[in-house]
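Here are a few notes to read with the model open beside you. Take them one at a time and find each residue as you go.

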Amino acid sequence: MHRTARVALRVTPGQRRRCFGLLRSAGDVWACVLEVNAWRRRRHDSPLVGYQELCRELAASGPGTFAELDTTGARSVLRRFSDAWFGAAKRRKAGDLSARFPRRRRGLLPVRWYHGTFTLDGRRVRIPTAKGTSQLWVRLARDLPYPVEQVRSITLLSEAGRLFLDVTAEVPITVYPAGEEPDPGRVAGVDLGVIHPYAVAGPDGEGLLVSGRAIRAEHRMHLADTKARRRAVARRAPKPGEKGSRRWRKYRRRARLVEGRHRRRIRQAQHEAARTVISWAVRQRIGVLHVGDPRGVLDLPAGRRHNLRLRQWQIGRLIQVLTDKATLAGITVRLVDERGTSSTCPTCGRRVPKPRGRTLSCPHCHFSGHRDLVAAASIATRTPGGGPTTETAVVLPQVVTHRRAGRHLPGTGRSRRDPRRPPRTARGSVGPRRPAPPPGGESLAHTARIHNRHRTSGER
């Protein structure tokens, strides 16, 4: 199985300039392919989209056409273009008219090199460059999580103004002792959500709830912080077509750094949540995970605010992260239909009104249980491609394990306060101190008004 780890680069100003030059050259390759296909389209010729055809055009252009970018890096861009074009064609053939062919230019494009073209020496990596140029050695910010002999490719990319290297390695699937391996006959259901990214119901009445409230708070605080920054610099923003000042460039750089940090925090929290689920499944010897696929709700317009929540949910990434870690652990993941699982009573099978909280209460049979765990238990009984009706009995969790995701996020420590929140200030003035009441006398403070009593007519 192939796994990818993202490692930051520590580069000098000269190395940074050369690395960004490689990314710009990759964008030039992409733009060149778009230009060639535009000329062919105006001549009513068939476009060049096959990988072999594009490589022949690259070879005919000659060496040194794209600055320091070597042939292997340029071919990785051609491979990316070909895969994007055929992927869009396949989706349009299946009836998805929203799929678009690659027609947009890109300034910076990731570049990939395969095994045998680069060199790894501890924390130092030699990035291949064009023939006749000096060697480009860069330093990694941390050690690689994989042995050198397992590394199969590296990808140079930029995120929020910082340089990273995606290292892909071939990792063997986990081997268990006899009697401790996952049992294919033991099936668990997984319900995806916002408050709980993963709610799992096992076959023996065991349940797992992974809290994602810290992730939701990170999204909200980042959005509030971004809005506050934009309001503060709105007057200093340059007009369209006007060159920005040094202060504006520093602000934009800071905004990119904050945005990149926010994405890394969320990504790390999602990996922690998925690792918690897989570790729990391994201890329970679960061999199959039935995951409810809620991606159909993304096509429903639900308003500006709710659409933002759905975008921040990142359903596809949650499924992909869980699938990768489950495959590495030898557990099979199957996507099933989750429609109606959170609003159907598992006891009587009747429709239940959507609860305001996390407790599902049936008004017909008086059943009560955690809404996400009930949905996960119903998902465990469904099969891929099956409808909402099931014949297998629903096993509800009796013992629930609670875990948190994102303990590294701000506000999750002992202080329980995000530093981006405004400081708490006392409302109003303290004023002069009142004299102490006389012994045995009444207090000099004003009489408190009671607001929860009925007023008489004419009373204010």
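Leaving aside its neighbours within four places in sequence, which residues is Leu69 in contact with?

1. Keep in mind that this is a predicted model. Setting those sequence neighbours aside, Leu69 is in contact with Leu22, Ser25, Ala26, Val29, Ala74, Val111 and Ala130.

2. Now zoom out a bit. Leu69 belongs to the largest nonpolar core, which has 39 residues. Together with Trp113, Ile127 and Leu156, Leu69 touches the most other members. Helix 1 (residues 13-42) gives this core its largest share, 9 residues. Another core lies apart from it, with 31 residues, including Ala188, Val190, Val200 and Ile215.

3. Have a look at helix 2 (residues 51-61). Its buried residues are Leu54, Cys55 and Leu58. Looking down the axis of helix 2, you'd find them within an arc of 100°, so they line one face of the helix. These buried residues pack against helix 1 and helix 3 (71-93). On the face turned away from the buried side sit the exposed residues Gln52, Arg56, Ala59 and Ala60. After helix 2 comes Gly62, with a positive phi near 90°.

4. Last stop: a pair of helices. Helix 4 (residues 213-232) and helix 5 (residues 246-283) pack with their axes 10 Å apart, at an angle of about 175°. Angles over 145 degrees count as roughly antiparallel, so that is the label for helix 4 and helix 5. Among the residues making the contact are His219 and Arg229 of helix 4 and Tyr251 and Glu259 of helix 5. Sorted by class, this contact of helix 4 with helix 5 has 5 nonpolar, 3 polar and 7 charged residues.

Notes
Residues numbered from 1 in each chain as written. Predicted model: local features only at pLDDT ≥ 70, side-chain atom pairs only at ≥ 80, totals over all residues. Heavy atoms only, no water. Core = buried A, V, L, I, M, F, W, Y, C linked by side-chain atoms within 4.5 Å. Buried < 20%, exposed > 50% of the residue type's maximum accessible area, 1.4 Å probe, protein only. Helix = DSSP H or I, 4+ residues; strand = E, 2+ residues; numbered from the N terminus. Contact = heavy atoms within 4.5 Å. Arc of directions from axis to C-beta. Axes fitted to C-alpha atoms, helices over the stretch in contact; angles between N-to-C directions. Parallel < 35°, antiparallel > 145°, perpendicular 65-115°, else oblique. Nonpolar A, V, L, I, M, F, W, Y, C, P; charged D, E, K, R; others polar.
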